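Subject: Structure for you to look at

Hello,

Please find the structure below, with the sequence alongside. My notes on what was found follow it.

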Amino acid sequence: FLSYFSHKSSTNMRLRLPLLCIILEVILIILFGALVEYNDDTHAKLWNANKSHSATRDDYENEFYYRYPSFQDVHVMIFVGFGFLMTFLQRYGFSSVGFNFLIAAFSLQWATLMQGFFHGMHHGKIHVGVTSMINADFCTGSVLISFGAVLGKTSPVQLLVMAIFEVTLFAVNEFILLSMLGANDAGGSMTIHTFGAYFGLMVTRVLYRPNLDKSKHRNSSVYHSDLFAMIGTIYLWMFWPSFNSAITNYGDPQHRTALNTYYSLAACTLATFAFSALVNPEGKLDMVHIQNAALAGGVAVGTAGEMMLTPFGSMIVGFLAGTISVLGYKYLTPVLESKLKIQDTCGIHNLHGMPGVLGAVVGAVTSALASPGVYGDGLQRVFADAETGKWNPQSRGGFQAISLAVTLGMALFGGLVTGFILKLPIYGAPPDTHCFEDGLYWEVKTFQYHFYIYLRNTENVQLSQQICDSL
Amino acid sequence: FLSYFSHKSSTNMRLRLPLLCIILEVILIILFGALVEYNDDTHAKLWNANKSHSATRDDYENEFYYRYPSFQDVHVMIFVGFGFLMTFLQRYGFSSVGFNFLIAAFSLQWATLMQGFFHGMHHGKIHVGVTSMINADFCTGSVLISFGAVLGKTSPVQLLVMAIFEVTLFAVNEFILLSMLGANDAGGSMTIHTFGAYFGLMVTRVLYRPNLDKSKHRNSSVYHSDLFAMIGTIYLWMFWPSFNSAITNYGDPQHRTALNTYYSLAACTLATFAFSALVNPEGKLDMVHIQNAALAGGVAVGTAGEMMLTPFGSMIVGFLAGTISVLGYKYLTPVLESKLKIQDTCGIHNLHGMPGVLGAVVGAVTSALASPGVYGDGLQRVFADAETGKWNPQSRGGFQAISLAVTLGMALFGGLVTGFILKLPIYGAPPDTHCFEDGLYWEVKTFQYHFYIYLRNTENVQLSQQICDSL
Amino acid sequence: FLSYFSHKSSTNMRLRLPLLCIILEVILIILFGALVEYNDDTHAKLWNANKSHSATRDDYENEFYYRYPSFQDVHVMIFVGFGFLMTFLQRYGFSSVGFNFLIAAFSLQWATLMQGFFHGMHHGKIHVGVTSMINADFCTGSVLISFGAVLGKTSPVQLLVMAIFEVTLFAVNEFILLSMLGANDAGGSMTIHTFGAYFGLMVTRVLYRPNLDKSKHRNSSVYHSDLFAMIGTIYLWMFWPSFNSAITNYGDPQHRTALNTYYSLAACTLATFAFSALVNPEGKLDMVHIQNAALAGGVAVGTAGEMMLTPFGSMIVGFLAGTISVLGYKYLTPVLESKLKIQDTCGIHNLHGMPGVLGAVVGAVTSALASPGVYGDGLQRVFADAETGKWNPQSRGGFQAISLAVTLGMALFGGLVTGFILKLPIYGAPPDTHCFEDGLYWEVKTFQYHFYIYLRNTENVQLSQQICDSL
């Protein structure tokens, strides 16, 4: 039995995956039973008890009506956006959508516990509602970013183990930034994108495969796989305004965040097309850039989006983000692989890493420039400590910069440790010759089979048989 | 002319389909003209007339703002979710999405009339608004579940005829459950899933084709068709919280239903991956399970979702639902086909049948365990007759159980009758040799044609011609 | 350098596209910096300053919560709906989704400026918020309709230049209709669909290619490209109720518009299936009809949708729209091409042109029939000048008819001028032999390459080599 797990060349999931899934889910169920309770807006008894208005209006004031549409947009980004964005590989579509589905379904449960634990227990209980659902999806997004770096080179068991550690560290980092340093980061330029990217890059560095070029012929797209990936891209792009604004304060901050993100993304898209054509000798556009770099504008206003960045500022940030992202894909990714041994399948450094850092810097600068003259009474709806009167924009900007440094440190350290844990030869990781291949973990019919089926439908049975026999 | 319809081998739709569509739509238009009116929230005159608050606030209180986002999520599930989930078949994608589109567009109109008729006329008129739109989409969902059982084996004319009967019986069953028995079933574990599943299973039983294995080679997926199907799966999964909560009472019940469904689905997904790998000799995951069983968690909290099921309870139910669904696909479906002659193309028994019954049982138990101590003032927002003071949880649980029995009876009886009606040789049903084949009802270019086009683009014209000639 | 641009046969985008994108975006950023400001609902300072209610409720009253869900639905239609609808061509999927993405991202920025300029500056500034976002997306929709006419025959540079002119004229026409003539057109039957269609048809007329049949073999669909296109169709269909209702007045008008559109589309779908089968000799359904004509019902209630059209009236309009749209595809499009030299790739005349004119006529008639007896106090929520007391339904109907005439004139004139500008041989347009071909502007791997990859995975290396060598 032990030999099953330690047999390095085996990628058989028959025991590994069921065991891990069932154990994890049983632990989750027990912890939820012990710790999780409905919050005031979801509890039958507490909802009315704390209200003093007339019954009819009360029900309309439930936070459900003001957060749930944002939640659903975020949910689409996590499951369709990330899932389909990664289907660009020619023979890894089942794993891209499927493992994305699995680790997201696990991570959102685990994140509910971890974030609930750090964000404040209520008499020893974690309170859940639509806001905790959004936060759990956010944390999940961070894990999926890291998934992009190791895509095609990991077993589902490895991915679940990675999620366990990454969610935990995410919650710690988020607690330090938001609760201890009082940082602003509504759209997660730091907590989600920078953290997820550098965590994933460190993991893939530790898991470096010198012989990965044995699977090189599968590490690229085909025509239809690129179209499936565009489904992911477009959904991420469209709903990013909802993502960045999903947990801001109500009123003008939420509205403004959506607007800023909308303009940043639009400007980013033009920059992406411009530089994609410019860096190609024949002036041809590259789907990799369009699929990814056009999204960098959303990442880069993840911190400053709720501030008075103005559409003007948002467009500049978006344009910059698209530019560095395309240039990163073209010039930096090959260097990272050859010099630093970082094999980054989806190029998350270009989509989440650099734009995330840019977003953190923009957030720090915009914080430092904030003033009551510009924000009026709205200052405290954006900067929580403006209410206390001890508010100082320059020190706020400083704390934002410190937050970025903390995030980078946590991500790199966490990725390092997690990478070494994932290196243990017990998870059924794919061999170098069979990376980027669905057939290892999924029941897949081969092309030959498909060809046979098509030919069977022809009249010329004899020829079909000949061709198929030879294939 | 009569011979056209009775010529059994003809699958020509040139007269059949236009005649039926036009007659049905004309009848619908006449009945809508005679019976359907805007309700208070959609009528220009009545909207303001019944309000006493200030004009500004009034307009924000329109139910549109509290129901429409849920409606749109449900709408996506009906048209994209169901439609693309069924595209998994290799040569039946046009029919899956297309017939889904057709029968849904018909059913939602017919359902508006049937549900309006049973749910209470207002001075002889049916009142419509966003709630009736959601209810019509719900009823449509039931028809689409049944469509899954007969997928690939029926003509569009048969499907429309099935929809006429199924929608009617759905409305009767719904009326008995909700109005006469006072049952709770906001997410439709009974009214939608159990009813749709057993109705469809009985129809496909009556339409049993002993020689269906002549089309066996088309009754399976190919690589890209499985990816299209995952679009359906993921949309159903993401929006199921909106589905179950779409017509609950406002406030905490709606919020809680969405939350419970979210957790149930997450737990269900882990169970699905676990058991899919476990039942495969090589430990490989099966797309059929992931596409379908991962959704069973939504079905199984369709009744109890609005109750104080707790996240803990929801996760247990979801985990159970995923487990029985995978086991059903693996072990029960083959037996149903070989022993009971039930050819269930999509395995609706595993996704909607068993999880629906589980959901009904969970609903009955949760109802029986309800108490004012747990629900406080919220009791009457979940259990309508708690307001009357004559509320008794045990008898409520009993009525829930009776509702399940009634639903099963109505579905089996209705499916039996409808099945025999669909057996008449006048609808242009496909022959056994051409099931699961778009080419019968759609203009489809063949693979050979595609191959020819691709080869034409090559330089070697001579070889292309040779190969294409021989194909 | 100049020879690069004037070398007619070159389709190289290396300088053209980056230059144009960067110049346009820099101009946009400068103009946004000079002219654009947050409106009252998005500005930190102004939001609270103008409110007198209690702080808590204020934030819930932000227009964000009442418009943003509609905005997101419209956004999905623009980027997924239009983008994927046009992927039906076998080798033009990258361009369809990609160029749609590019010109939409540009147009929404440019439209914000143009519409802001005409719809009323505030002390020399353009105010932006969720309503301006919806309006910008609407204007973008118009450009994408025109894109459908020239699909496959234009370079991305041409498309951007077209967008510059079309957005500008759209804003002028919209200003004349809505502000000067006081027309109703919430869903844009005239401003969006009629304008976009006839503008595009005129452009494609001027760009007539007598030798387009050299690319004939690529101007059709393949199996999977038709399924991708159905993603676009279904999203457009589902969210059209949100489109038509997105900028109506709050309350009953918005609710009613969504309801009317829902029924119009349902009836349209049955008409589409009926006539698609009827016009085919073998009674087979045509994906072109299902993909397009089923949407005509949404176009045709774009003006009257907010009025008391009743579900009965909506269904009649939808049924008519579907009918004329299918008949247009079957009988009119070939004539337009052979007699009038209008090469309309997507058949926008059938989906947007004729149904748009029908919608304008229905709107004029419904306006002329409006009365206080039917609308009560709601009259002024639909017809703005009913508030002034000088309201006259017959003259309203007349102004609606004049609006249609103005729109047709503006569209045809604008398309004519823009067409001649696009005819200049400097944009890198595709040659007649390479229309409908992604390979001109995108890095695309050929079928042969894919075939080689698949064969490489087979055991029989020798045979693979032979076949691939010969291909």
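To start with one cysteine: C21(C) is buried, with a relative accessible area of 1%. Please keep in mind throughout that this is a predicted model.

Cysteines

What is the count of disulfides over all chains? The structure holds zero of them. A disulfide is a covalent bond between the sulfur atoms of two cysteines. For C21(C), the nearest cysteine sulfur belongs to C268(A) and is 12 Å away, and C21(C) is in no disulfide. The cut-off for a disulfide is a pair of cysteine sulfur atoms within 2.5 Å. C139(A) is another case: its closest cysteine sulfur is that of C21(A), at 18 Å, which is too far for a bond. C139(A) is also buried, and its relative accessible area is 0%.

How the chains are related

Two copies of a chain are related by a rotation about an axis and a shift along it.

Chain A with chain B

The size of an interface is often given as the accessible area lost when the parts come together. Between chain A and chain B the buried area is about 7,300 Å², and carbon and sulfur atoms give 70% of it. On the chain A side, the residues that lose the most area to chain B are Y38(A), Y60(A) and F101(A), which together make up 10% of what that side buries. In terms of contact, 85 residues of chain A meet 78 residues of chain B.

As for polar interactions, 30 residue pairs are in polar contact between chain A and chain B, counting pairs with both residues at pLDDT 80 or more. The side of chain A that touches chain B is made up of 49 nonpolar, 23 polar and 13 charged residues.

Why do the copies meet through different surfaces? Only 11% of the interface residues of chain A are also interface residues in chain B, so the surfaces that meet are different ones.

Chain C with chain A

This contact takes 85 residues from chain C and 78 residues from chain A. The two chains bury about 7,300 Å² between them, with 70% of that on carbon and sulfur atoms. The side of chain C that touches chain A divides into 49 nonpolar, 23 polar and 13 charged residues. Across the interface of chain C and chain A there are 30 residue pairs in polar contact, both residues at pLDDT 80 or more, and zero salt bridges by the rule. Of the interface residues of chain C, only 11% are also interface residues in chain A, so these copies too meet through different surfaces.

Regards

Methods
Residues are numbered from 1 along each chain as its sequence is written. Chains are lettered from A and ligands numbered from 1 in the order in which they are written. This is a predicted model: local features need pLDDT of at least 70, side-chain atom pairs count only at pLDDT 80 or more; totals for chains, interfaces and linings use all residues. Side-chain values use heavy atoms; hydrogens and water are left out. Contact means heavy atoms within 4.5 Å. Buried area is the accessible area (1.4 Å probe) that two parts lose on being put together, summed over both. A polar contact is a pair of N or O atoms within 3.5 Å; within protein, one must be able to donate a hydrogen and the other to accept it, and residues adjacent in sequence count only if both atoms are side-chain atoms. Ala, Val, Leu, Ile, Met, Phe, Trp, Tyr, Cys and Pro count as nonpolar, Asp, Glu, Lys and Arg as charged, and the others, Gly among them, as polar. Buried means under 20% relative accessible area, exposed over 50%, partly exposed in between (1.4 Å probe, protein chains only). A salt bridge is a side-chain nitrogen of Lys or Arg within 4 Å of a carboxyl oxygen of Asp or Glu.
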